[in-house]
Amino acid sequence: MARAQHLVELLRGDLLESSHRGHAVICDDSGQIVEAWGDPDHVTYPRSSAKMIQALPLVETGAARAAGLATEQLALACASHAAAHIHTDRVRTWLTAMGLDDAALLCGPQPPRDRAAKFEMIRAGDSPCRYHNNCSGKHCGFLTVTRHLGAAPDYLEMDHPLQVAIKEGFEETTGAESPCWGIDGCSAPNHATTIHAMARAMARFASAHDRSDSRSKAMVTLREAMMTHPELVAGEDRACTRLMRAAGGKAAVKTGAEGYFIAILPEQRIGIALKITDGATRAAECAMAALLARLGVVDAADPQVRAYLNPEITNFAGQVTGEMRAAPGLDGQAR
């Protein structure tokens, strides 16, 4: 078994002060590994990086079409949003259209990540609701499927028709049986798999336009919704949104908790999955920016990319004290 590989480094002056290790796989549309770092067979939870897989039943069952959902709602179903008004207003409208309210969501309340929304809530003396949860769009998608199927409202139970469909879709798309599952931050089940299997799933999303089956059509619908509305997938000043904007329609990317990140590259029919073993988001963002630049999907000089690929480290006086960068071998540059 290969060990986690040095992927991201932080320098202070000329000294390497700290580093982050992890695993990463680039996979082609045949399911084969193009490049890998660390252990492709490392098993972990993809967390929110799996949301486009969890959203497959929303499209496959016809629930999205029957509910008249637009691409904005489909993007939100794949989102880890910041609870800015552009997110929460749409979620509340979605709930209202189903005749439901905040109580129907089975995710917990979460303070907004969006600064303006957070301070607005503080000034008003309000408390966060479930629709503020970064996964509330996904849960609205879950509710839409549940209503379409006429199923019980306890849509997070493992024997619920929705969760049965999600597990089947997850294992079919990754091409591997999941060895276990855990409960995510939003209370939904999250299925574990290898880094290679997750990259293979993303490659299937990337090449889905080459196939005509219903699942592949659903994959195209969801990945296109993400790329059409990057601001809804995450939010302003978030890596998913900024990297998708920098890619200009060439990539759908999605972060997950504890240092997970995926990318779908339709033009190249390539999928990427990576995991930082210490769970650091900053390192996952840097590593993903490096791989996207390596593959020519984004320009390394683009300010939206440099913000994650090679950000300066400053102190409280604003003095530049160091930098973060991808380790040699990940960014394709010799040092």
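How many nonpolar, polar and charged residues are in the lining of the largest pocket? I started my notebook with that one, keeping in mind that this is a predicted model.

**Entry 1: the pocket.** I counted the lining by class and got 11 nonpolar, 10 polar and six charged residues. The pocket has a volume of about 450 Å³, and 27 residues line it. Nearest its centre I found Ser80, Arg113, Asn134, Arg238 and Ala257. I then looked up which elements contribute: α12, β8 and α13 each supply at least two residues of the lining. β8 gives the most, with three.

**Entry 2: helix α12.** I noted them down as Ala239, Cys240, Thr241, Leu243, Met244, Ala246 and Ala247. What do they pack against? My list has the helices α10 (214–228), α11 (230–233), α13 (281–294) and α14 (303–309), plus the strands β8 (252–256) and β9 (260–265). Just past the end of α12, I saw that Gly248 takes a positive phi of about 60 degrees.

**Entry 3: aromatic rings.** My search for aromatic pairs came to one. The ring centres of Phe142 and Tyr155 lie 5.8 Å apart with the planes at 65 degrees, so I logged the pair as edge-to-face. Phe142 sits in helix α7 (residues 136–149), while Tyr155 is in the loop between α7 and α8 (161–174), 13 residues apart. Buried or exposed, these two? I found both Phe142 and Tyr155 buried.

**Entry 4: a charge over a ring.** Last, I checked Phe119: Lys118 lies over the face of its ring, at 5.2 Å from the ring centre.

Definitions and conventions:
Residues numbered from 1 in each chain as written. Predicted model: local features only at pLDDT ≥ 70, side-chain atom pairs only at ≥ 80, totals over all residues. Heavy atoms only, no water. Buried < 20%, exposed > 50% of the residue type's maximum accessible area, 1.4 Å probe, protein only. Helix = DSSP H or I, 4+ residues; strand = E, 2+ residues; numbered from the N terminus. Contact = heavy atoms within 4.5 Å. 1 Å grid on protein atoms, 1.4 Å probe; cavity = no way out; pocket = protein on both sides within 12 Å on 5 of 7 lines; lining within 4 Å. Points joined across faces, edges and corners; volume = space filled by probe spheres on them. Nonpolar A, V, L, I, M, F, W, Y, C, P; charged D, E, K, R; others polar. Phe/Tyr/Trp six-rings, centres within 6.5 Å; stacked < 30°, edge-to-face > 60°. Lys NZ or Arg CZ within 6 Å of the ring centre and 35° of its normal.
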